[in-house]
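Have the viewer open as you read.

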Amino acid sequence: LNVQLTIFVVTSVLGLFLLRKFLKNKFFSATNVEAEALEEEFIGKTAIAEIEFKKGVPGKINFKGTHWTAIADSDLEPGDQVKIINKESLTLYISKKH
């Protein structure tokens, strides 16, 4: 039993080290492509400020019918059109659209 367990542990660890790159590419590369496509859906698009924004203080915007937390690079009034310049997790970074 000890020999079988030793062989199993050694082959499992070697298999993980040798196949790690292959398995990582197989299971996680599609996720990166999807994440980039999602970011492209946001960046450069127009949204509407829902509340008054102070520079650097989180507020709410409406983008495609959904409310998002956003941080503006300048003061904004409710109803101002804004441009999405970056996205980090669930926070959008915006600037006033000219």
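Is Lys-64 buried or exposed? Lys-64 is exposed, since its relative accessible area is 59% and anything over 50% counts as exposed. Keep in mind that this is a predicted model.

## Salt bridges

There are three salt bridges in the structure. Lys-64 takes part in one of them, where its side chain meets that of Glu-41 at 3.3 Å, N to O. This pair ties together distant parts of the chain: Glu-41 belongs to helix H1 (residues 2–42), while Lys-64 sits in the loop between S2 and S3, 23 residues apart. Glu-41 is partly exposed, at 34% relative accessibility.

Next up is Asp-80 with Lys-96, a salt bridge at 3.9 Å, N to O. Here too, distant parts of the chain are linked, with Asp-80 in the loop between S3 and S4 and Lys-96 in strand S5, 16 residues apart. Asp-80 counts as buried because its relative accessibility is 17% and the cut-off is under 20%. Lys-96 is partly exposed at 39%. Then there's Glu-52 with Lys-54, whose closest N and O atoms are 3.1 Å apart. Glu-52 is partly exposed at 44% relative accessibility, and Lys-54 is also partly exposed, with a relative accessible area of 44%.

## Strand pairing

S4 has two partners to look at. It runs antiparallel to S1, and three bridges join them; for Ile-48, the bridge partner in S4 is Gln-81. S4 also pairs with S5, again in the antiparallel sense, over six bridges. On that side, Lys-87 has Leu-92 in S5 as its bridge partner.

S4 and S5 make a hairpin, leaving two residues between them. Check the turn: Ser-89 has a positive phi there, about 60 degrees.

## The nonpolar core

The largest nonpolar core has 14 residues, and the members touching the most others are Phe-53, Ile-61, Ile-84, Leu-92 and Ile-94. Two or more residues come from each of strands S1 (46–49), S2 (58–63), S3 (66–72), S4 (81–88) and S5 (91–96). S3 gives the most, with three. As background, nonpolar side chains in soluble globular proteins tend to be buried together.

Leaving out residues up to four places away in sequence, its contacts include Phe-53, Ile-61 and Ile-84. Ile-94 also touches Asp-73 and Lys-83, along with others such as Leu-76 and Val-82.

Conventions. Residues numbered from 1 in each chain as written. Predicted model: local features only at pLDDT ≥ 70, side-chain atom pairs only at ≥ 80, totals over all residues. Heavy atoms only, no water. Core = buried A, V, L, I, M, F, W, Y, C linked by side-chain atoms within 4.5 Å. Buried < 20%, exposed > 50% of the residue type's maximum accessible area, 1.4 Å probe, protein only. Helix = DSSP H or I, 4+ residues; strand = E, 2+ residues; numbered from the N terminus. Contact = heavy atoms within 4.5 Å. Pairing = 2+ DSSP bridges. Salt bridge = Lys/Arg side-chain N within 4 Å of Asp/Glu carboxyl O.
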